[in-house]
Amino acid sequence: TGGAGSDTFRDSAANLHGDRITDFSSVDFLEVTGRRFSGLSYSEATGLLRLDADGNGSFETEVQIAADLDGAFRLQARAGAQPDSTRLWYVPDSDGDGHADDVDNAVFVPNPDQRDSDGDGFGNAVDPDLDQSGRIDTQDLELFRGRCGSADDGADFNGDAVVDLFDLSIL
């Protein structure tokens, strides 16, 4: 456990061998007891996960996990729990757009810019509901037709700055 001999690791399903986890995935969590961590760093290249207990970037604890995980790690320090502990879990990036699934507004469609012109929580890449009715229907098609050829951000579903046939295919 790096420099903290009193830390213990407990995980829900991952295969733990000392300070090396061989099959950590999105269904697993890692709980470190005896310490609360406030920051982390993960290297996709090496698979080294480093944990920081005092918030100064010194990363006192290191765990080797799989490399090339495309997503994000989340920490939840449990203050007041006896003993102190931190739960850590991995959230994948299913569409590879650089946004982990728990914060991605179009989980299975890449949309690196996360555009959400109407502010409803669904990215433009998956939200052709132009009239905000909760369904895609002929009303949306009529609204789209009126915006075709323009640079209307709400009807530009693919983000290429023009409402065209590519956007119609998304509709």
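Reply: Among the contacts in this predicted model between residues at least 6 apart in sequence, 36% join residues at least 24 apart. The protein has nine strands and two helices, and from the N terminus on the order is β-β-β-β-β-β-β-β-β-α-α. Of the 171 residues, 35% are buried. The accessible surface comes to about 8,900 Å², and carbon and sulfur atoms account for 51% of that surface.

Now the loop. Val109 is placed between β9 (85-92) and α1 (138-147), and Asn124 also has its place in the loop between β9 and α1. Take Val109 to begin with. Its relative accessibility is 31%, so Val109 counts as partly exposed; the range for that label lies between the limits of 20% for buried and 50% for exposed. Val109 belongs to a nonpolar surface patch with Phe108, Phe122 and Val126. Together these four residues have about 400 Å² of accessible area.

Asn124 is the other residue to look at. With a relative accessibility of 4%, Asn124 counts as buried, because the cut-off for that label is under 20%. What does Asn124 touch, leaving out residues up to four places away in sequence? The list consists of Arg115, Asp116, Ser117, Asp153, Gly154, Asp156 and Phe157. For Asp153 there is a further detail: a polar atom of the Asn124 side chain lies 3.0 Å from the backbone oxygen of Asp153.

To put the two residues side by side, Val109 is partly exposed, whereas Asn124 is buried.

Conventions: Residues are numbered from 1 along each chain as its sequence is written. This is a predicted model: local features need pLDDT of at least 70, side-chain atom pairs count only at pLDDT 80 or more; totals for chains, interfaces and linings use all residues. Side-chain values use heavy atoms; hydrogens and water are left out. Helices (H or I, at least four residues) and strands (E, at least two) are DSSP runs, numbered from the N terminus. Buried means under 20% relative accessible area, exposed over 50%, partly exposed in between (1.4 Å probe, protein chains only). Contact means heavy atoms within 4.5 Å. Accessible areas come from the Shrake-Rupley method with a 1.4 Å probe; for residues, only the protein chains shown count as cover. Patches are made of residues with over 30% relative accessible area and no salt bridge: like charges are joined within 9 Å, nonpolar side chains (Val, Leu, Ile, Met, Phe, Trp, Tyr) within 5 Å. A salt bridge is a side-chain nitrogen of Lys or Arg within 4 Å of a carboxyl oxygen of Asp or Glu. A polar contact is a pair of N or O atoms within 3.5 Å; within protein, one must be able to donate a hydrogen and the other to accept it, and residues adjacent in sequence count only if both atoms are side-chain atoms.
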